[in-house]
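Subject: Structure for you to look at

Hello,

Here is the structure I promised, with my notes below it. Please open it and read along.

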Amino acid sequence: MKNKKIFIGLAISLLSLVTSCRSEESLSPENETAITDASAFTTPTRIDGVLLSVYSAFKSGNVHGGRYIVYGDIRGVDILKETDNLVTAADIFNQIPTNSSNSITSFWTSSYYAINNANLFIDGMNDGGTNVVGAAKGKAYIAEAKTLRAMLYYGLLQFFAKPYADGNGAKPGLPLRLTGIKGSGSSELARSTVAEVYTQILKDLNEAEIDLPLTNSSAALNTTRIHRNTVIAFKTRVYLSMQKYPEAVTEANKIVSSTAPFVSPSGVAHKLEANIATIFTNYTTSESIFSMPMTSTAGDFPGTQNQIAYYWTPVASLGGVGNGEYSVNPAGILANTTQFTVDDKRRSFILATNSGTKLWNMKFKTPNPYTDYVPVIRYAEVLLNLAEAKVRSTNTVDAQSIELLNAVHGRSDAAKVFTAGDFATPVAFLLAVDNERRMEFMGEGHRSRDVTRLLATFPAHGSAPAKGLNDVGYIWPIPSTELSLNPLCVDN
């Protein structure tokens with residue numbers, strides 16, 4: 001890996017920023033010029049550009065704009081590997097990444113690059129930027145950066161640290177860098193515990209919730225820029241990952257009405273889109289709480305071999321737009337025709353080729369340069385998070401939890417309606433929710449964290465072996481680039 005991609009070399013990431021920006025929906029700066037860090041926070045226009053650069057780093061193809069989604073799904077049983085290409089994460093699928101793996105190194109360094117961008121922005125605002133834009137806007141801008149930082153640390157935890165429930169967060173977590181690095185000599189930092197990292201994540205999110213606007217000025221900005229409900233929705237995911245179910249319920253109740261049809265009672269009026277297919281063509285519906293926008297402008301799409309459609313869809317001659325790196329496992333959730341019925345509209349995303357012997361996920365299907373928006377969190381997840389958290393909190397299947405499950409399922413399969421009689425035990429309900437998550441979010445990067453947060457085993461599938469909690473490969477090794485620069489950081 002080139003030296004400029006090693007973490008310590010990313011410290012000056014905000015020293016070449018923008019003087020002007022495209023529309024905020026793009027989240028990518030235009031007309032980059034060399035602005036010194038002393039001048040980056042001197043005008044509202046420049047400050048806007050610096051903040052959009054934080055978003056741009058977050059949506060990198062190596063992080064949340066591409067590979068984070070891919071890595072999250074290819075460890076699950078519903079995906080099969082079609083190539084042995086290490087550049088496109090064959091080692092991640094096989095659960096055998098090494099310290100020098102391109103996949104884990106690029107994800108780690110790009111994540112910390114984005115974290116450093118957020119840190120430098122927060123530092124700059126505290127050092128004078130807030131005085132330029134005013135107190136209210138300054139707080140809101142910092143809140144956006146804190147939310148992105150929290151999401152990035154959460155993403156890293158899912159792969160590089162043991163789940164919170166394994167030892168109540170006492171296991172090694174991540175180096176917790178919270179101030180911006182502008183030069184060499186600042187890389188040495190021991191790993192905080194998993195609990196300490198989650199504490200910081202929740203601190204950032206709780207502080208951000210207070211300072212963010214209830215809504216932004218358009219449907220596009222409500223999808224691509226963070227607002228209050230973005231933070232609340234993400235906290236439901238965080239608390240679920242920590243197995244703190246009452247807290248997940250509390251957060252979800254802020255943005256989910258008590259009865260169907262479920263709509264957020266405050267802030268952006270989030271609700272399920274009537275047809276799930278619409279979400280992947282009209283990217284700014286009220287269901288899309290937070291997504292990464294992509295455009296055809298150079299530098300504003302995921303880049304070579306980072307694009308989700310490149311991984312999931314077959315080559316053009318077979319009706320796809322990608323390279324056919326990963327297919328859908330016919331023996332996975334697709335085989336559950338009791339819950340995933342043949343009439344379920346979500347099956348329309350599946351393309352069969354090679355006389356039906358190969359199946360492909362076509363949720364993301366715009367051709368090169370691959371401008372599909374990348375979902376970070378949708379309202380459907382919040383509803384399922386609430387349903388699961390309620391039942392896990394009380395060990396009882398209540399009427400609202402069943403309604404929440406039916407809302408997500410019925411949108412795509414109105415003929416199948418769950419009733420209390422379908423669930424003889426809470427375990428049966430939780431299995432149905434887990435199945436629903438696999439059906440609803442296939443290709444959106446959820447599966448790995450849904451396995452690890454429950455300390456479950458990754459089942460064997462294709463060439464991938466089963467991996468249990470204490471097996472080598474269940475969590476990833478720390479990249480050698482970090483270990484070489486940071487002697488205080490211990491490996492997994």
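Ile 402 is buried, because its relative accessibility is 8% and the cut-off for buried is under 20%. Please keep in mind that this is a predicted model. Ile 402 sits in helix H13. Leaving aside residues up to four places away in sequence, Ile 402 touches Val 397, Phe 418, Thr 419, Ala 420, Phe 423 and Phe 429. Ile 402 and Gly 61 are 341 residues apart along the chain. Their C-alpha atoms are separated by 37 Å.

Next, the helix that carries Phe 429. Phe 429 is one of the H14 residues that meet helix H12. H14 covers residues 426-440, and its axis comes within 10 Å of the H12 axis. The two axes cross at roughly 165°. That angle is over 145 degrees, so H12 is roughly antiparallel to H14. The crossing of H12 past H14 is left-handed. On the H12 side, the contact uses Ala 380, Glu 381, Leu 384, Asn 385, Ala 387, Glu 388, Val 391 and Arg 392. On the H14 side, it uses Pro 426, Phe 429, Leu 430, Val 433, Glu 436, Arg 437 and Glu 440. Sorted by class, the contact of H12 with H14 has eight nonpolar residues, one polar residue and six charged residues.

Asn 395 lies in the loop between helix H12 (379-394) and helix H13 (399-412). Is Asn 395 buried or exposed? Asn 395 counts as exposed, because its relative accessibility is 57% and the cut-off for exposed is over 50%. Asn 395 is not a glycine, yet its phi is positive, at about 55°. Most residues other than glycine have a negative phi.

Gln 305 also has a positive phi without being a glycine; the value is near 55°. Look for Gln 305 in the loop between strand E6 (288-292) and helix H11 (308-312).

Now the cis peptide bonds. Most peptide bonds are trans. The bond from Ala 260 to Pro 261 is cis, with omega near -5°. Pro 261 is in the loop between H9 and helix H10 (276-279). Asn 368 and Pro 369 are also joined by a cis peptide bond, with omega about 20°. Pro 369 belongs to the loop between strand E9 (358-361) and strand E10 (374-378).

On to the core. How many residues are in the largest nonpolar core? The count is 118. Ile 74, Phe 121, Phe 160, Ile 201 and Phe 290 have the most contacts inside this core. Helix H5 (residues 135-160) gives the largest share of the core, with 14 residues.

Ile 201 is worth a click. Not counting residues up to four places away in sequence, Ile 201 touches Ala 150, Tyr 153, Tyr 154, Leu 157 and Val 238.

H5 also packs against helix H4 (residues 102-133). Their axes are 9 Å apart, at an angle of about 165°. H4 and H5 are therefore roughly antiparallel to each other. H4 passes H5 in a left-handed crossing. The contact of H4 with H5 divides into 20 nonpolar, six polar and three charged residues.

One more helix pair. Helix H8 (residues 228-241) and helix H9 (residues 245-255) have axes that come within 8 Å. They cross at roughly 160°. H8 is therefore roughly antiparallel to H9. H8 crosses H9 in the left-handed sense. From H8, the residues in contact are Asn 229, Ile 232, Ala 233, Lys 235, Thr 236, Tyr 239 and Leu 240. From H9, they are Tyr 245, Glu 247, Ala 248, Glu 251, Ala 252, Lys 254 and Ile 255. The residues of this H8 and H9 contact divide into eight nonpolar, two polar and four charged.

Last, Asn 206. Asn 206 lies in helix H6 (residues 194-211). Asn 206 counts as partly exposed, because its relative accessibility is 32%. Asn 206 and Asn 116 are 90 residues apart in sequence and 20 Å apart in space, C-alpha to C-alpha.

Best wishes

Terms used. Residues are numbered from 1 along each chain as its sequence is written. This is a predicted model: local features need pLDDT of at least 70, side-chain atom pairs count only at pLDDT 80 or more; totals for chains, interfaces and linings use all residues. Side-chain values use heavy atoms; hydrogens and water are left out. A nonpolar core is a set of buried Ala, Val, Leu, Ile, Met, Phe, Trp, Tyr and Cys residues joined through side-chain atoms within 4.5 Å. Buried means under 20% relative accessible area, exposed over 50%, partly exposed in between (1.4 Å probe, protein chains only). Helices (H or I, at least four residues) and strands (E, at least two) are DSSP runs, numbered from the N terminus. Contact means heavy atoms within 4.5 Å. Axes are lines fitted to C-alpha atoms, for helices over the stretch in contact, and angles run from 0 to 180 degrees between N-to-C directions. Angles under 35 degrees count as roughly parallel, over 145 as roughly antiparallel, 65 to 115 as roughly perpendicular and the rest as oblique. A crossing is left-handed if the near helix is turned anticlockwise from the far one by less than a right angle, and right-handed if clockwise. Ala, Val, Leu, Ile, Met, Phe, Trp, Tyr, Cys and Pro count as nonpolar, Asp, Glu, Lys and Arg as charged, and the others, Gly among them, as polar.
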